[in-house]
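Subject: Handover of a structure and notes on its contents

Dear colleague,

Please find the structure below, handed over for your work. My notes follow it, arranged by topic.

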Amino acid sequence: MNITPEVIWIWIGAFMTLSIFSFLYRDNPFYRFAEHLFVGASNGWTVGFYWHLVLKPILFRPLGEAFRTAFTNGLSWSHFNPAAPANFMLIVPFAIGMLYFMRFVPRASWLVRFPIGIFMGYYTGLAIPVAFTGALFPQLKGTIVTRGSFADPIAGLWAVLVLIGVLGTLIYFFFSKEQKGIFKIGAKTGIVYIMLGFGASFGFTVMARVSLALGRFVFLLRDWLGVIS
Amino acid sequence: MNLERLMRIDRRIIFLFTAAVIILPLLFPFQMPMGVQKPTQRFFDTVQAIDPERQCILIATDYLPQTEAENHPMTIALLRHGLAAKIPVLMAAMYIEGAGLTLDAMNRVTDEFNARAKTSADSVVYGRDIVFLGWQPPPIVPILGMGRSIAAVYPTDYFGNRIDSLRVMRNVRNYDDIGIVCSISAGTMPLSFVQYAQSKYGVKVGGGVTAVSAPDYYPYFETGQFSGLLGGMKGAAEYEHLVEKTFHLGGRMRATEGMGAQSTAHILIIVFVVIGNVAYFAGRRKRS
Amino acid sequence: MRRASILLALAVTCPVSLAAGQPPPETRPGKSPPAVTDLQAADTRFDGGSSITLRWRGGEGAVRFRIERAGPEGGFDSLDVAGAGSSVYEDGEATDGVDYRYRVISIGGMGGETASAETGPVRSSPQWFNGHYTSVAIALLVFGGLILWFIRKARKGIHLFVRKIAGLEAVDEAIGRATEMGRPLLYIPGTGYIEYISTVASLNLLGEVGKKIAEYGTQIRVPVRDPIVFTVAREVVRGSYAAAGRPDAYDPESVHFLVENALAYAGAVSGIIVRERPAANFFMGFFGGESLILSETGATTGAIQIAGTDQTTQLPFFIVACDYTLIGEELYAASAYIAREPLMLGALKGQDYTKFILVALLVVGTLVSLITGFDFRQVLETSGH
Amino acid sequence: MRDKLPLGLLILMGILGVTANFLPHPIAEGLNDYLRNTLLRIVGSFALILGLGNLMLHHYNRIKRKAAHWRQSYTTIVSFFVVAAIGVLGGARGEGPMPTKILGFPFDTTTIYNKLLIPLGATLFALLAFYMASAAYRSFRAKSTMAVLLLGSAFIVMLGQVPIGELISPYLPKLSSWMMAVPNTASKRGIDIGVTLGATATLLKILTGVERSWMGASK
């Protein structure tokens with residue numbers, strides 16, 4: 001067999017594949033090695049990714065450029081325009097980022113709340129209207145039964161069944177009412193739909209997961225061992 | 001036999017059986033009878049209806065080795081269909097990470113056809129029957145740009161040949177000359193083709209998607225925005241089946257073989273559930 | 001996901017100027033299709049400017065339309081093409097405040113062309129509020145108002161009933177078990193980012209679980225996948241120990257960052273589960289395919305497992321592999337339920353009333369649509385098209 | 001002040017986030033672009049640095065303590081620094097100052113990703129096929145009506161997807177699609193609607209300061 005770089009990498013891949021699979025038998029040194037390597041190597045990969053896509057192009061290079069032009073051409077207003085390609089305003093996000101490290105300074109440790117608050121506030125805020133336009137409204141729209149739903153009577157019947165299921169599921173999630181009377185009927189309907197839906201979802205995913213395992217075995221048997229063509 | 005012991009069966013035995021039912025059908029392939037669903041049939045018919053003198057097909061891939069088992073057989077089946085029907089095939093990788101797999105599919109099918117060919121007309125010649133356009137980031141650029149001019153988006157092919165030096169490309173300018181764009185994807189690329197290429201330039205789009213994402217695509221097929229849809233390995237197997245039935249090419253049908261393993265795995269799980277329940281009820285009766 | 005969205009952002013924002021450098025329209029012989037009629041151009045509503053929308057009628061038989069534009073001076077230039085059957089086109093490359101005129105050329109199958117009448121001058125301009133979202137804004141205000149009103153009511157000390165949630169009743173049992181066995185409790189705050197609200201809900205619950213852990217003097221392990229979530233989780237657990245009056249018992253190593261790659265994370269947590277054998281595993285928040293890797297590994301160690309997620313595709317796996325599962329909204333209610341703090345329960349009450357409004361909306365919407373024939377779904381339209 | 005100042009900032013940022021979707025004006029869009037693409041990305045990178053430092057410290061302590069399997073901690077530390085160096089110094093495609101190919105053997109980040117990380121990740125994901133089998137065996141017991149519903153619909157869909165289902169009955173694939181289209185859609189929708197409400201309530205609780213566990217210890 002010719003030892004080409006490709007072959008070496010395939011052997012490495014095969015070793016890793018078998019090491020991970022060995023976990024199915026029990027925890028063992030091979031799995032531990034593959035697991036720790038996976039954590040180390042993908043963190044290392046992330047560093048390269050952040051360096052080339054975030055830190056270098058949007059922080060260090062523009063900031064360095066700002067210092068360079070400020071020294072050679074003198075300060076100008078554009079150095080303080082956050083939208084300019086080279087500006088000193090980048091020191092602000094830099095400083096906010098540094099506040100994370102205040103955790104190690106006991107007296108100033110509360111400052112770590114600033115970067116955390118910025119992230120929590122902005123991203124939770126951003127997510128809500130998106131959930132309304134992307135999920136809530138389309139789901140409600142899709143659930144309402146109209147005359148158009150009955151263009152095909154069977155499809156209309158299914159649409160009514162979907163509506164009943166959605167109503168039941170919503171009632172199941174009422175927290176401030178004891179599940180009694182009409183609430184009991186609604187909640188029962190809801191949980192029946194939920195169980196049927198979850199079963200279907202489970203069964204549906206089996207196929208995709210088996211394909212994944214199939215892909216790994218094809219790699220082992222074809223690319224590595226060459227016993228199948 | 002003590003049924004109660006079955007209830008506490010070591011799960012490693014289950015794992016062993018699972019591995020066996022996946023590996024054995026790979027080593028000893030068998031075929032299952034195959035029913036073809038509407039989205040697959042429509043896909044096949046659309047390709048079949050292309051006039052090879054006027055139009056070609058474009059296979060745009062974006063998937064990584066993770067979903068190779070599902071997506072790769074689709075690419076190969078479509079390639080074989082195109083070449084067997086003498087329709088020129090253009091290939092494009094939407095991301096560079098997938099270019100290796102695209103190349104693999106092309107080489108595999110080219111070798112297969114040429115091993116069988118008796119005359120030069122039967123064989124597959126790069127540049128005459130097939131072209132690999134390569135990769136141009138970001139994907140929106142080729143998706144939109146090919147509506148105007150393919151040569152403008154891909155000045156050279158993957159191997160660095162000038163596009164206008166390739167024979168196929170003399171008759172192919174833009175989407176008008178493409179019978180169907182086959183977007184084989186592990187993500188949402190087929191939707192991008194529908195939103196930008198199909199709605200704007202009217203080119204037909206077929207999607208080849210993973211089993212998990214297939215339900216998200218069916219509505220678009222129902223509205224006619226997709227001219228065909230292959231969902232997961234089952235869709236690929238159905239397409240292989242249609243190609244084989246029409247052209248009798250012989251050779252490996254990877255998804256069809258995979259369906260053997262899929263079926264045995266599904267049956268195994270069902271058998272296990274049945275055994276588990278029998279053991280459970282037997283144990284309960286004994287206790288009561 | 002964030003990585004993918006960066007790539008997507010690059011892909012989408014990369015300017016594609018297809019209109020530039022087009023040759024002048026050539027006139028070809030052939031049967032000409034009819035011209036389009038009623039061509040209207042107007043500033044695109046509710047947008048950030050730089051966009052003018054054209055609408056027209058007719059043009060049947062054209063295989064496509066060529067859109068042409070003329071600036072303040074000079075003649076018409078080809079701008080773009082629109083497919084057969086289209087009757088609307090959005091020119092997204094206008095400069096705000098500049099007058100443009102438009103015309104649409106119908107192109108026939110044989111190449112024949114017919115031009116429409118040209119429009120009068122139009123300009124584009126930006127707007128401050130996206131009116132398509134009016135209904136969303138109203139819904140947010142109504143819902144927000146209800147919740148705030150109930151929080152206020154709760155402040156006055158009115159008792160609010162909350163029904164039993166089995167999965168949350170089991171939290172005490174799980175912590176108790178960990179304490180008895182002298183083994184740690186593993187808390188996974190999901191594999192999502194901070195912008196997934198389920199992550200935030202999970203961190204809130206972590207705060208409550210952390211307080212009990214601190215009271216009982218049990219150990220907790222929180223390996224985290226996302227660095228930002230890690231920074232928050234660390235503060236939350238530290239805060240819990242302080243709130244329980246045992247700040248010294250806090251072990252700084254109990255919350256630690258692991259790895260961003262979700263599969264590497266699943267592999268490493270599986271390792272923690274089999275090696276350290278936590279007595280109780282909590283899987284709360286956003287989960288992808290790794291849900292079953294974690295919960296099935298946990299099931300082999302005999303740990304008591306409580307899971308909760310809003311991901312409907314992963315819920316079935318948690319249900320089969322865990323002892324208790326919080327479904328969707330139950331996860332969001334969790335921290336309020338355990339804390340039993342009136343203010344938080346007030347929010348829960350507000351949620352229920354909104355749910356009641358939505359149930360009524362679905363029923364009324366359906367009845368109105370079926371009886372009057374009016375398509376009620378239009379009321380919920382959030383896009384301009 | 002230590003509570004109010006951060007909370008005030010969070011409220012301000014929260015309002016910016018909520019309104020971002022409603023304001024198409026270029027000034028608002030520009031501000032949001034700046035926040036998302038510059039400020040938050042830079043700040044987020046510092047969280048990563050903090051996290052990685054924490055991970056390295058964690059493994060360093062394990063080695064120092066000679067905790068169980070402490071030698072494996074070297075694997076993580078060494079592989080982290082080696083791959084990070086290749087990434088930063090070697091460049092994404094080997095265009096950096098550090099060589100990423102020795103004697104024709106490539107080890108640039110793209111190769112490492114495709115040939116090392118993908119096999120590892122794909123195999124971990126492939127474990128799911130096995131776990132599904134064992135989870136189904138253990139848990140799909142017809143103990144109650146609810147369990148029967150779960151089990152029954154899983155059976156139908158599993159059979160409906162493979163050719164054998166068609167052999168048993170031509171209606172199985174149809175029934176399987178129906179299960180996905182009706183009960184699955186309905187329950188998913190109901191859950192998703194509830195989740196949106198729960199998420200909104202969570203946001204409001206944070207913005208009104210009712211829920212403030214994110215602030216940690218109040219000292």
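Two residues are taken to be in contact when they have heavy atoms within 4.5 Å of each other. In that sense, 58 residues of chain D are in contact with 75 residues of chain C. Please keep in mind throughout that this is a predicted model.

**Chain D and chain C**

The area buried between chain D and chain C is about 5,300 Å², and carbon and sulfur atoms account for 73% of it. Two salt bridges are found across this interface. In one of them, E296(C) pairs with R138(D), with the closest N and O atoms 2.5 Å apart. Eleven residue pairs are in polar contact across the interface of chain D and chain C, both residues being at pLDDT 80 or more. On the side of chain D that touches chain C, at least two residues come from each of α2, α4 and α7 of chain D. The helix that gives the most to this side is α2(D), with 16 residues. Sorted by class, the side of chain D that touches chain C holds 32 nonpolar, 18 polar and eight charged residues.

**Chain D and chain A**

Chain D also meets chain A: 110 residues of chain D are in contact with 107 residues of chain A. About 9,900 Å² is buried between these two chains, 80% of it contributed by carbon and sulfur atoms. Within chain D, the residues that lose the most area to chain A are F46(D), M132(D) and R189(D), which together make up 7% of what that side buries.

Two salt bridges are found across the interface of chain D and chain A. One of them links R113(A) to D3(D), whose closest N and O atoms are 2.8 Å apart. Several elements of chain D each supply at least two residues to the side that touches chain A, among them α1 (4–20), α3 (71–90) and β2 (105–106). The largest share of that side, 22 residues, comes from α4(D). The residues of the side of chain D that touches chain A comprise 70 nonpolar, 32 polar and eight charged ones.

**Salt bridges elsewhere**

How many salt bridges does the structure hold over all chains? The count is 37.

Within chain A, the side chains of E65(A) and R68(A) form a salt bridge at 2.9 Å, N to O. Both residues lie in helix α2 (residues 29–73) of chain A, three residues apart, which is about one turn of the helix. E65(A) has a relative accessible area of 31% and is partly exposed; R68(A), at 47%, is partly exposed.

Another salt bridge brings together the side chains of K234(B) and E166(D), at 3.8 Å, N to O. K234(B) belongs to helix α10 (residues 232–247) of chain B and E166(D) to helix α6 (residues 163–168) of chain D, so this pair joins two chains. K234(B) is buried, with a relative accessible area of 7%, whereas E166(D) is partly exposed at 25%.

In chain C, the side chains of R101(C) and E118(C) meet in a salt bridge at 2.8 Å, N to O. R101(C) is in strand β6 (residues 101–107), while E118(C) is in the loop between β7 (113–115) and α2 (134–155) of chain C, so the pair ties together parts that are 17 residues apart in sequence. The relative accessible area of R101(C) is 25%, which makes it partly exposed, and E118(C) is partly exposed at 40%. Finally, D27(A), R32(A), E35(A) and R275(C) are joined into one network by salt bridges that share partners.

**Cysteines**

The number of disulfides over all chains is zero. C56(B) is in no disulfide, and its nearest cysteine sulfur, that of C182(B), is 10 Å away. C56(B) is buried, at 1% relative accessibility, and C182(B) is buried, at 0%.

**Two individual residues**

S73(D) lies in helix α3 of chain D and is buried, at 0% relative accessibility. Leaving aside residues up to four places away in sequence, S73(D) touches H36(A), H59(D), R62(D) and I63(D).

D152(A) sits in the loop between α4 (113–143) and α5 (153–172) of chain A and is partly exposed, at 42% relative accessibility. D152(A) and G48(A) are 104 residues apart in sequence, and their C-alpha atoms are 56 Å apart in space.

With kind regards

How values were computed:
Residues are numbered from 1 along each chain as its sequence is written. Chains are lettered from A and ligands numbered from 1 in the order in which they are written. Side-chain values use heavy atoms; hydrogens and water are left out. Buried area is the accessible area (1.4 Å probe) that two parts lose on being put together, summed over both. A salt bridge is a side-chain nitrogen of Lys or Arg within 4 Å of a carboxyl oxygen of Asp or Glu. Helices (H or I, at least four residues) and strands (E, at least two) are DSSP runs, numbered from the N terminus. Ala, Val, Leu, Ile, Met, Phe, Trp, Tyr, Cys and Pro count as nonpolar, Asp, Glu, Lys and Arg as charged, and the others, Gly among them, as polar. A polar contact is a pair of N or O atoms within 3.5 Å; within protein, one must be able to donate a hydrogen and the other to accept it, and residues adjacent in sequence count only if both atoms are side-chain atoms. A disulfide is a pair of cysteine sulfur atoms within 2.5 Å. Buried means under 20% relative accessible area, exposed over 50%, partly exposed in between (1.4 Å probe, protein chains only).
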